[in-house]
Amino acid sequence: MKQVLLLILFLALPVLSSYGDQTHEYRDCVTAKMRACDYHSFDLSLKVFGWDCLSDCQYRCALEITEKRESKGLQIYQYNGKWAFKRWFGLQEPASVFFSFLNGFAVFLGISNLVAKVPTTYVLFHTWLGYGIVCLITWFVSFLFHAKDTITTEILDYLGASTMVMLSLYCMLLRISGRDQYGKIKNKLNYKYGAPIFLLFLYHAYNLGFYQKIDYGYNMKFNVFIGIIHHCILLGWGLWNWNYRPHVKKAVLVILGSMFALLLELGDFPPYYGLFDAHSLWHAATVPLTFIWWSFIVDDCVFETNYYKRKVV
């Protein structure tokens, strides 16, 4: 009965407006496979990552049709908003899953260095620690989203990315703010910066339109806009302190690398070998940048701690 309902839903509601979804070849293929699908025969890996008959049949048809069209030199299409990837051990997009894990690992090492080298008394220690935890969660939900695309994992992935970008801006604003002679932040700027950024985040989440159709284009433009603001502030501060704080060169390197990586994220091409599309390569490019970024954060915290220690003495 469940398979019949899923089949009716598939035929009646084209959820995503990819051209491949609407072709008779694809729809006929999914319909035929659904009638013969046996969920109990699925591998454990498919069940663990939440594959059901409909999503499995859609995956198999998209891959079969794509490989057939490639062999004939014909144009290939997206299906359900995605290119056809080759699934590994139940992972829908294995390359993006792997690179999401590496990014999370880089954040984990950064947090470990922060805890090991920076005293908890440093004014921004807990701010950067909280930022690191959010980054870890963001890469974890990215791992889940690329492992299996569902409405829940997609929402979590989009919200996680936006949270990380906006928190980066918040942390950077606090970092460049005025300090007293003891290194403490003046005039409760954490609240003055935090409140409007939090309200902007709520407005952004509302505009994504979770109850209708998630607007990927809007989400991308928003994150790029916030990222540009963050990078402009960081670049200006870095150039201003170029001769006084040697570690700012790492921050500038991250900015330049991010600009290059962004070209991959804004691009879109079918996956090479069924694995590496533009988005997965963007995740790959951010791995070394994440290592460098956290190296900058730790170096800057250590520099600030020593600077204000000497100033007080």
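Visitor: What makes the crossing of α5 and α6 left-handed?
Guide: A crossing gets that name if the near helix is turned anticlockwise from the far one by less than a right angle, and right-handed if clockwise; α5 and α6 cross in the left-handed way. Do keep in mind that this is a predicted model, where local features need pLDDT of at least 70, side-chain atom pairs count only at pLDDT 80 or more, and totals for chains, interfaces and linings use all residues. Residues are numbered from 1 along each chain as its sequence is written, and side-chain values use heavy atoms, without hydrogens and water.

Visitor: Which residues make the contact?
Guide: With contact meaning heavy atoms within 4.5 Å, they include F101, F108 and L114 of α5 and W128, L136 and W139 of α6. By class, the contact has 16 nonpolar, seven polar and no charged residues.

Visitor: What makes a set of residues a nonpolar core?
Guide: Its members are buried Ala, Val, Leu, Ile, Met, Phe, Trp, Tyr and Cys residues joined through side-chain atoms within 4.5 Å, buried being under 20% relative accessible area with a 1.4 Å probe, protein chains only. The largest such core here has 35 residues, and L114 and W128 are among those touching the most other members. α7 gives the most to this core, eight residues.

Methods: Buried < 20%, exposed > 50% of the residue type's maximum accessible area, 1.4 Å probe, protein only. Helix = DSSP H or I, 4+ residues; strand = E, 2+ residues; numbered from the N terminus. Nonpolar A, V, L, I, M, F, W, Y, C, P; charged D, E, K, R; others polar.
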